[in-house]
Amino acid sequence: MLFFRATLVNYLRLLWIAIVLVFELLPFRQSASQCQWPTPNSKRPSYDSRHVLIVADPQIPDRHSYPNSFRLFSWLTEVFVDLNLRKSWRMVAMKMNPDAVIFLGDMMDSGRIEMEYDEWYWSYVRFKKIFKMKGSLERHYVPGNHDIGLGTSRTHGLNRKAYAWYKNYFGSANTYADIGGHTFVFLDAPSLVNEDRERVTRKQPIRKWKARPSNPVVLITHIPLWRSDRADCGPLREKGTIRAGAGLGYQNTFGKEISELILENIRPTVIFSGDDHDYCEFNHAVTIGANHDMMIKEVTVKSFSMIMNVKNPGFHLLTLTSDPESTLDKMCLLPDQLRIYLSGFLPCVIISIVVLVYHHWRLSTSSGEKKLSRTYIPKPILSRQGRERGPLWMPVFRDARDVAYVPVALFFALMIWYLTN
């Protein structure tokens with residue numbers, strides 16, 4: 001049965017309104033609702049707990065992120081990444097309601113690039129608008145190589161202006177804080193890597209650090225600690241592993257000696273790192289005395305961004321209690337935004353066009369059959385009224401336009417709401 005044009009267009013409009021609402025809202029609500037704070041084993045005594053939300057590498061793109069691409073592409077990337085980060089953060093912050101938030105560095109993408117203060121400050125303002133938090137919420141940051149640079153390169157090395165701006169707006173790069181009976185040690189990893197490189201170049205012995213805090217320690221660092229290239233990251237990682245290596249403006253892990261120094265002198269109960277963009281869980285062995293090894297877990301947290309070469313972005317949950325043995329953590333995944341666009345919206349667009357083409361093809365076929373049933377009288381292509389019937393794509397294009405303007409308007413309304421709230 002052939003639908004009248006208005007009926008088909010209205011049905012497709014209603015269907016597309018539902019598609020936009022489902023794809024734009026449901027995946028983010030589901031991902032947030034499926035992730036719960038880890039809780040201590042019920043057999044243990046009850047302790048007051050504190051909840052810490054850990055976010056890694058949002059790495060907000062800007063005009064320097066893709067220098068060889070068209071400016072329109074860079075602008076669209078900024079808009080859609082900001083939109084995705086806002087949707088993710090809104091759902092996570094509302095659902096998880098943490099006691100504290102920790103960012104593991106690379107808040108910006110081009111903080112290390114030489115730029116004027118106004119441009120750097122605009123990136124900072126974008127970050128603050130995306131990650132809106134209650135004024136009373138405790139928050140901590142560590143710098144990443146994309147925030148302040150790393151190494152001695154003129155273009156990607158340590159940017160002293162950006163470093164000063166970072167400390168002015170984000171706070172001290174090396175610091176500590178007490179949360180839930182634990183001492184959090186926040187390392188300025190890029191600067192420490194630079195110092196260690198200089199020490200190795202000058203062949204100087206490594207210095208010992210001060211005594212450890214009395215509370216259980218949680219170590220926060222942007223750059224992961226050293227491990228063997230054959231080290232396994234566990235089943236939750238999407239691909240590959242973390243290997244030692246360095247290049248222009250980056251270093252995959254700390255050096256071996258400085259990593260051993262950190263582990264032996266701080267002896268954290270757990271370590272959280274970023275930079276790699278994918279999840280990794282690894283246990284460091286630290287020798288204590290003659291015959292005893294202490295295992296220290298390091299968790300490299302997934303990037304929060306949709307453009308960091310991981311299928312699913314993510315974040316991490318940490319539950320703290322006064323019992324040092326009950327520090328619990330859990331990885332949480334965010335929706336695959338590119339899959340939503342390419343495997344959700346795109347097939348629906350193709351199916352809608354096929355339906356419209358089929359509808360108008362049937363109409364033109366049925367009209368042709370009626371003509372053949374009569375005595376055939378040739379007609380000129382043009383008459384006083386113009387062309388009798390245009391090509392098939394013209395009514396298809398007209399109906400596609402009429403179907404699209406309502407859901408497109410809804411999509412942009414949601415986009416504006418996310419970007420302005």
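Contact here means heavy atoms within 4.5 Å. The model is predicted, so that local features need pLDDT of at least 70 and side-chain atom pairs count only at pLDDT 80 or more, while totals for chains, interfaces and linings use all residues. Residues are numbered from 1 along each chain as its sequence is written, and side-chain values use heavy atoms, with hydrogens and water left out.

**Exercise 1. Determine which residues proline 407 touches, not counting residues up to four places away in sequence.**

Step 1. Locate the residue: proline 407 belongs to helix H9. Helices (H or I, at least four residues) and strands (E, at least two) are DSSP runs, numbered from the N terminus.

Step 2. Buried means under 20% relative accessible area, exposed over 50%, partly exposed in between (1.4 Å probe, protein chains only).

Step 3. List the partners: proline 407 touches Trp16, Ile17 and Val20. The C-alpha atoms of proline 407 and tryptophan 16 are separated by 5.8 Å, although the two residues are 391 residues apart along the chain.

**Exercise 2. Describe how the axes of helix H2 (residues 71–96) and helix H9 (residues 393–420) cross.**

Step 1. Axes are lines fitted to C-alpha atoms, for helices over the stretch in contact, and angles run from 0 to 180 degrees between N-to-C directions.

Step 2. Apply them: the axes of H2 and H9 come within 9 Å and cross at roughly 70 degrees. H2 and H9 are therefore roughly perpendicular to each other (the class covers 65 to 115 degrees).

Step 3. Identify the residues: on H2, those in contact include Val79, Phe80 and Leu83, which meet a set in H9 including Phe411, Met415 and Trp417. By class, this contact has nine nonpolar, one polar and four charged residues. Ala, Val, Leu, Ile, Met, Phe, Trp, Tyr, Cys and Pro count as nonpolar, Asp, Glu, Lys and Arg as charged, and the others, Gly among them, as polar.

**Exercise 3. State whether threonine 183 is buried or exposed, and name its side-chain polar contact.**

Step 1. Threonine 183 lies in strand E5 (residues 182–186). With a relative accessible area of 5%, threonine 183 is buried.

Step 2. Its side chain makes a polar contact with the side chain of aspartate 178, at 2.9 Å. Such a contact is a pair of N or O atoms within 3.5 Å; within protein, one must be able to donate a hydrogen and the other to accept it, and residues adjacent in sequence count only if both atoms are side-chain atoms.

Notes. Parallel < 35°, antiparallel > 145°, perpendicular 65-115°, else oblique.
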